[in-house]
Amino acid sequence: MVMSQNVAPTDQRAGVRPIAFVLDDAGALSAPVQLSVRPEDLTRNEPARATVNQTLGRDLSGWVDHFGEGLPSCTIAGHTGWRYSEAAGQDGLQAFDVLNQMVMRAFPAAKQAAINRGTDPGLVKLLFIDTLDGFAWSVVPTQFVLRRSKSRPLLFQYNITLQAVSTTIDHTIVVEPFFGNLSGGMAALDVSVGKIGGM
């Protein structure tokens, strides 16, 4: 009789496999803004740059202009919780405000500051790091929506649409082994951010 060797599933808790935003201001990395509550929905869209051209004849045929992969995009939707977290030192409202400030205020302000001092604004990047799904992108937020609901009155719900500008930092993500607690997750995120900063 052959015994099957079952492999334990990967731990997917927010403290173990964090999802976070980091502002890279020309090499100076901000503290990560981690989503302490997992997004309820994460949609990753990877398009192809292809155009199908149909022929004029009666037969159903055509040709394809194929230019390879397109830049992916991602939409995340969820909430920031409501109760005070000792580990994070904030409640749901404060966590939502920190997230909104990073994505919609600090990133554009850092771009404008680079322009004002005469440096390349392209060196200012907003990094979206998803250690759960194993990718990290330089992104531009195209939409940030606050949703409040009568059925969930204590929650600040968000819907963020992100367009990747570069996916080349994907290959620098290294998931380090740790003990599966929040401090271990933050340490692993810091290691990943350090690798990105090393580029």
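**Nonpolar core and strand pairing in the predicted model**

Residue A26 is found in the loop between β1 and β2 (28-29), where helices (H or I, at least four residues) and strands (E, at least two) are taken as DSSP runs and numbered from the N terminus. The phi angle of A26 is near 55°, a positive value in a residue other than glycine. Most residues other than glycine have a negative phi. The structure is a predicted model, in which local features need pLDDT of at least 70 and side-chain atom pairs count only at pLDDT 80 or more, whereas totals for chains, interfaces and linings use all residues. Residues are numbered from 1 along each chain as its sequence is written, and side-chain values use heavy atoms, with hydrogens and water left out.

A nonpolar core is defined here as a set of buried Ala, Val, Leu, Ile, Met, Phe, Trp, Tyr and Cys residues joined through side-chain atoms within 4.5 Å, with buried meaning under 20% relative accessible area, exposed over 50%, and partly exposed in between (1.4 Å probe, protein chains only). The largest such core holds 26 residues, of which F21, I76, L99, V103, F128, Y158 and I160 touch the most other members. Two or more residues are given to this core by each of β1 (19-25), β7 (73-79), α1 (92-116), β8 (124-130), β9 (135-149) and β10 (152-166), and α1 gives the most, with seven residues. In soluble globular proteins, nonpolar side chains tend to be buried together.

Strand β7 is mostly covered, six of its seven residues being buried. When residues up to four places away in sequence are not counted, I76 touches F21, L35, P39, D41, L42, F128, Y158, N159 and I160, contact meaning heavy atoms within 4.5 Å.

Two strands are considered to pair if DSSP finds at least two bridges between them. Strand β4 (residues 41-45) runs antiparallel to β7 and is joined to it by five bridges, with T75 in β7 as the bridge partner of T43. Seven bridges join β7 to β10, again in an antiparallel arrangement; within this pairing, G78 has Y158 of β10 as its bridge partner, and H79 stands opposite Q157 in β10. Strands β9 and β10 in turn pair in the antiparallel sense over 10 bridges, the bridge partner of V139 being A164 in β10, and a hairpin joins β9 to β10 through two residues.
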